[in-house]
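Please keep the sequence and the model in view while reading.

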Amino acid sequence: MGFANFLKLRLIRLHPLVVIGSVIGILSWLFDPFSDLYKTYSVGQNIWLFVSSCLMIPYPLVHDRYFNLFHLNAPSWSLFWEYIANIVYALVLVKLRNKILWMLVVVGAGLIVYETTKSGNISYGWGATI
């Protein structure tokens, strides 16, 4: 399977979820009965929020909600990184030998253990206060 076909299959599998989440996100953003936060942004900014959410372009506009990069569809941050991981896999990792892959796993595990001991945990998620 070539790189283009690999990416096409990933987009077919993942991207409908992103678009559906963005549609639900813009509807809840505009019709939230407890907040009129959308009124503080121009129509153009609200449109750009939706378009960037559908195209998975990080856009940290809304400071009242922790400058989330994917404001209308907050969980899509994980799909964004899945896209990045798939591209790295298809371009780089698939060509590496098992010995090098194991070394990368060990280094990655070591970095996670280091960060966990330094921070006390690794459960901050997308809305962490630093």
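Which residue just after H2 takes a positive phi? That residue is Met 56, with a phi of about 60 degrees. The model is predicted, so local features need pLDDT of at least 70 and side-chain atom pairs count only at pLDDT 80 or more, while totals for chains, interfaces and linings use all residues. Residues are numbered from 1 along each chain as its sequence is written, and side-chain values use heavy atoms, with hydrogens and water left out.

Met 56 has its positive phi although it is not a glycine. Most residues other than glycine have a negative phi. Met 56 is found in the loop between H2 and H3; helices here are DSSP runs (H or I, at least four residues), numbered from the N terminus. Because its relative accessible area is 6%, Met 56 is buried. Buried means under 20% relative accessible area, exposed means over 50%, and partly exposed lies in between (1.4 Å probe, protein chains only).

Helix H2 itself covers residues 43–54. The expected span of a helix is 1.5 Å times one less than its number of residues. Asn 46, Leu 49, Ser 52, Ser 53 and Cys 54 are buried in H2. The buried residues of H2 pack against helix H1 (3–30), where contact means heavy atoms within 4.5 Å.

How many of the 22 residues of H4 are buried? The count is 0, and H4 is hardly covered. Gly 120 follows H4 and has a positive phi, near 95 degrees. Ser 123 is placed in the segment after H4; because its relative accessibility is 59%, Ser 123 counts as exposed. Ser 123 and Leu 37 are 86 residues apart in sequence and 28 Å apart in space, C-alpha to C-alpha.

Attention now turns to aromatic side chains. A pair of aromatic rings is described by the distance of the centres and the angle of the planes. Rings of Phe, Tyr and Trp (its six-membered ring) pair if their centres lie within 6.5 Å; planes under 30 degrees apart count as stacked, over 60 as edge-to-face and the rest as tilted. By this rule the count comes to 5 aromatic pairs. One of them joins Phe 6 and Tyr 89, whose ring centres are 5.9 Å apart and whose planes stand at 45 degrees, so the pair is tilted. This pair links distant parts of the chain, with Phe 6 in helix H1 and Tyr 89 in helix H3, 83 residues apart. Phe 6 counts as buried at 10% relative accessibility, whereas Tyr 89 is partly exposed with a relative accessible area of 40%.

The rings of Phe 70 and Phe 80 also form a tilted pair, because their centres are 5.3 Å apart and their planes are at 45 degrees. Phe 70 lies in the loop between H2 and H3 and Phe 80 in helix H3, 10 residues apart. Phe 70 counts as buried at 2% relative accessibility, and Phe 80 is buried at 19%. Ring pairs link Phe 70, Phe 80 and Trp 81 into a cluster.

What of charged side chains? Side chains of opposite charge can pair when their charged atoms come close. A salt bridge is a side-chain nitrogen of Lys or Arg within 4 Å of a carboxyl oxygen of Asp or Glu, and a search of the whole structure finds 1. The side chains of Arg 13 and Glu 82 meet in a salt bridge, at 2.8 Å from N to O. Arg 13 is in helix H1 and Glu 82 in helix H3, 69 residues apart. Both are partly exposed, Arg 13 with a relative accessible area of 46% and Glu 82 with 29%.

Finally, there is the surface. Phe 3, Trp 77, Trp 81, Ile 84, Ile 87, Val 88, Leu 91 and Val 92 make a nonpolar surface patch of about 680 Å². Patches are made of residues with over 30% relative accessible area and no salt bridge; like charges are joined within 9 Å, and nonpolar side chains (Val, Leu, Ile, Met, Phe, Trp, Tyr) within 5 Å. Accessible areas come from the Shrake-Rupley method with a 1.4 Å probe, and for residues only the protein chains shown count as cover. Helix H3 (residues 76–91) gives the most to the nonpolar patch, with 6 residues. Ile 84 has its place in H3 and is partly exposed, with a relative accessible area of 31%.

Notes
Helix = DSSP H or I, 4+ residues; strand = E, 2+ residues; numbered from the N terminus.
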